[in-house]
Amino acid sequence: MMPPLILRPVYRRYIWGGRRFATALGRELPPGADYAESWELVDRGADQSVVAAGPLAGTPLGTLVRDRGRELLGRHAPKPAFPLLFKFLDACRDLSVQVHPDDARAARLTPPDFGKTEAWYVVDAVPGSRIYAGLAPGVDAAGFAAALRQGRCAEVLHAFEARPGDCIFVPAGTVHAIGAGLLVAEIQQSSDVTYRLHDWGRTGPDGKPRPLHVEAGLEATTRLGPVAPVRPATTTDPAVRRLVTSDYFLFDEVEPPANWQVGGDDGCHFFAVLSGSVRFAAHLDLPPLGRGGCVLVPAAAGRQEIVAEAAAGRPAKLLHVALP
C-alpha cells in the first residue's frame, strides 16, 4: 500500500508577501519578509513536491505520478503530471490584476501549457481586505479595454470585502486580484500562465515597473460581469460542504466528526487543515497535522479513518480537493 503522503512545501518570495506562514500557520521560515506563496502540492518540471517522511521520503511527486501512477491516482491514471496545484498565499500587499487563458489559448503558446481555472478560500482577513473578481456590472469588453489602456483599471473592477470562509471560483478568462491583508488557500490547474494587466503603479525590486501583458490579457479575457463568493452546497456526507464542482477539481469544506472516514473510491484525496488537528491510524506512523498541515491520500491507501480534535479552542476544519 502507498501510504498517505506528507509533502514538503515549496516557498515563493515576491514583493507582496509577508511572514504569516510562520505566524498564522506555524511554519519555520528563514529570515525575510516576502514569503508570498507556499506550494503544498505541485508537479511542474523542476518545481516538485517531495515526500517529507516515511518509506517514500525524498521522492518527488512527479516520480510517483510516472512510476506508480495507478497506485497514486487510481481511476484517473495515467497522467503525464499531477494535474492540480495547491498553495497558500500571504498577500501583505495587493496582488497585480491578472487574467489566465483557458485551455485552448494556453495550448497555442510556445511551449504549450494548460489553462488556469482556480478557486480561492479565505483563511484569514484583515478587516477591510478586498477581493477583486470579474468586472463591474455593465462593463463590456470594449469598456474594459479602454479603461485598462487609459490607466483606469481599478474603476471597472468588481470588488468586495473578503471574510474568512469566503470561497471564490475564478474560471480561466476572469479578471481578478487578491487584495492586501488576505491569507488565502488556492486550488488551480497546474499552470503558470499569467497575464498581468495592472500593477497599481508600483515598481519591482529593481525600481522599475513590472512588465504588463495588456494585449494578450485582453484577448484572454472571456468572462465579463462580477464574481461573488460561492454558496456552499450540502452533500450526502453531513461533514462535507461542496464549494466548487468544476471540470478540473472538486473543492470542499469539511468539519469532520471525531472519527471520519475518507477514500476507498479509487481516487486520490488532498487535505489542508484550517483549524484543530487530525491524525491517521497509529500504524501509519504519521505525525498529527495542525493548522496549515497538508496530506495527499493516494488511491491505493484505501479508506482511511481520520481522528479529528479541537486545538486552541477551535474544532477541526479541513479543505478537501479531489479530481472529478
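A cavity here is a set of points, on a 1 Å grid over the protein atoms alone, where a 1.4 Å probe fits but cannot get out. The model is predicted, and local features need pLDDT of at least 70, while side-chain atom pairs count only at pLDDT 80 or more. Residues are numbered from 1 along each chain as its sequence is written.

**View 1. The largest cavity and its lining.** The structure holds one cavity of 30 Å³ or more. About 40 Å³ of space lies in the largest cavity, a volume being the space filled by probe spheres set on the points. Its lining residues (an atom within 4 Å of a point) include Leu41, Phe82, His269 and Leu323. Two or more lining residues come from strand E20 (269-275) and from strand E24 (317-322); strands are DSSP runs of E with at least two residues.

**View 2. The buried side of helix H5.** In H5 (residues 141-149), Phe144, Ala145, Ala147 and Leu148 are buried, meaning under 20% relative accessible area with a 1.4 Å probe, protein chains only. Because these residues cover an arc of only 165 degrees around the axis, they lie on the same side of H5. The arc is that of the directions from the helix axis to the C-beta atoms. The buried residues pack against strand E10 (130-135), strand E15 (195-198) and helix H6 (214-220), with contact taken as heavy atoms within 4.5 Å.

**View 3. The ends of H5.** Aspartate 140 caps the N-terminal end of H5, with a side-chain oxygen 3.3 Å from the backbone nitrogen of alanine 142. Just after H5, glycine 151 has a positive phi of about 75 degrees.

Key. Side-chain values use heavy atoms; hydrogens and water are left out. On a 1 Å grid over the protein atoms alone, a cavity is a set of points where a 1.4 Å probe fits but cannot get out, and a pocket is an open set with protein on both sides within 12 Å along at least five of seven lines; lining residues have an atom within 4 Å of a point. Helices (H or I, at least four residues) and strands (E, at least two) are DSSP runs, numbered from the N terminus. Buried means under 20% relative accessible area, exposed over 50%, partly exposed in between (1.4 Å probe, protein chains only). A polar contact is a pair of N or O atoms within 3.5 Å; within protein, one must be able to donate a hydrogen and the other to accept it, and residues adjacent in sequence count only if both atoms are side-chain atoms.
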